[in-house]
Amino acid sequence: MTFPLNPDLHSHSTVSDGMLAPEQLAARARTNGVDLWALTDHDEISGQARARAAAREQGIGYLTGVEISVTFADVTVHIVGLGFNADDAQLTAGLAATRNGRDARARAISQRLQELGISGAYEGALRYAGNPALIGRAHFARHLVETGVCRDATEVFRKYLADGKPAYVPHQWAKLGDAVRWITRAGGTAVIAHPARYNFTPAAEDALFTEFKTHGGQGVEVVTGSHTAAEARLYAGMAREFDLAASRGSDFHAPKESPCDLGQLAPLPPDLTPVWALLTGRIQ
Ligand code: AMP
Ligand code: MN
Ligand code: MN
Ligand code: MN
């Protein structure tokens, strides 16, 4: 039997904006038939030891993971890191710097919402943030759904929180080259997350892929929770064109909320190099 049969290398826990603890995610991954898993919390690796231990308990393979927020050409881009050494000092310091400013941003988001007649959003969002240092838009979305302002998170983003909407607060995240280097110098592989979500012009997208490679990036998510089958085919083409390995991950955050559950993904096109083939020595 070949391993892995069902890798899922993108997911979130209460350490960032997921709703399940790392141990609950590991159990759910196992139940869903995932045999290689990575917890990829936003800008934070403090859940890695728990995730690795829980994966071992469940008898599934584990790769360390993170999803770093980057600003590229004025657009927020996410870079997933896999298989790095979670004790690396530079990576740890870079992530701490990237997290900095989330609280001030959250207060500014709340202020915008206040001006739109929605009060108390900061305090409401904070109640959903398992880790206050990682307070983010998903926590606001849950609060606004819970209080009946919107029907679901999609509506919250469409009306208020997406880029350009009235409660959107621009933010400077990490630089692309820095994020890629933090990951690769810690022994990991950098992967462009959900590339179909960025609404880049073709020229800007080409620049992203080109610069990502120049900095040492090696992978791109092809099959992921927010990609349609057509988008997966499109980015399979980009993986071939740019000679990048392909990754597969649900981006699962929470039951009911997430469109794709752990492990419930189509296979990668068989001609692509899977990113885990670059990381065989890093699987724990
Ligand atoms: P932040 O890092 O605070 O900017 O929040 C980004 C997070 O918001 C993403 O990782 C998703 O969890 C969530 N998100 C972004 N866009 C949407 C959307 N259209 N619908 C639901 N959740 C979204
Ligand atoms: Mn998220
Ligand atoms: Mn993302
Ligand atoms: Mn994600």
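Predicted model: local features only at pLDDT ≥ 70, side-chain atom pairs only at ≥ 80, totals over all residues.
**View 1. The manganese ion (ligand 4) and its protein donors.** Four residues hand an atom to this metal: His10 and His12 each through NE2, Glu67 through OE and Asp251 through OD. These donors lie 2.1 to 2.2 Å from the ion. Read along the chain, the donor residues follow the spacing H-x1-H-x54-E-x183-D. Histidine 10 sits in the loop between strand 1 (7-8) and helix 1, while glutamate 67 belongs to strand 4 (residues 65-72), so this pair ties together parts that are 57 residues apart in sequence.

**View 2. Histidine 10 and its surroundings.** Let's stay with histidine 10, which is buried, with a relative accessible area of 0%. Glutamate 67 is buried too. The side chains of histidine 10 and glutamate 67 are joined by a polar contact of 3.1 Å. Another polar contact, at 2.6 Å, links the side chain of histidine 10 to that of glutamate 221. Leaving out residues up to four places away in sequence, histidine 10 also touches a list of others, including Ala38, Thr40, Val80, Ala193, His194 and Phe252. Gly249, Ser250 and Asp251 are among its contacts as well.

View 3. Helix 1 covers residues 22-31, and its buried residues are Pro22, Leu25, Ala26 and Ala29. What covers the buried residues of helix 1? Strand 2 (36-37) and helix 2 (48-58) are part of the answer. After helix 1 comes glycine 33, with a positive phi near 85°.

**View 4. Ligand 1 and the residues around it.** Ligand 1 is surrounded by Asp17, His42, Arg102, Arg105, Gly136, Arg137, Phe157 and His253. A polar side-chain atom of arginine 137 is 2.8 Å from an oxygen atom of ligand 1. For histidine 42, an N or O atom in the side chain lies 2.9 Å from an oxygen atom of ligand 1. Histidine 253 likewise has a side-chain N or O atom 2.9 Å from an oxygen atom of ligand 1. Taken alone, ligand 1 exposes 500 Å², and the protein buries 72% of that.

Methods. Residues numbered from 1 in each chain as written. Chains lettered and ligands numbered in written order. Heavy atoms only, no water. Buried < 20%, exposed > 50% of the residue type's maximum accessible area, 1.4 Å probe, protein only. Helix = DSSP H or I, 4+ residues; strand = E, 2+ residues; numbered from the N terminus. Contact = heavy atoms within 4.5 Å. Donors = N, O, S within 2.8 Å, 3.2 Å for Na, K, Ca; no water. Near = heavy atom within 4 Å. Polar contact = N/O pair within 3.5 Å; in protein donor to acceptor, adjacent residues only side chain to side chain. Areas by Shrake-Rupley, 256 points an atom, 1.4 Å probe, with all protein chains shown as cover.
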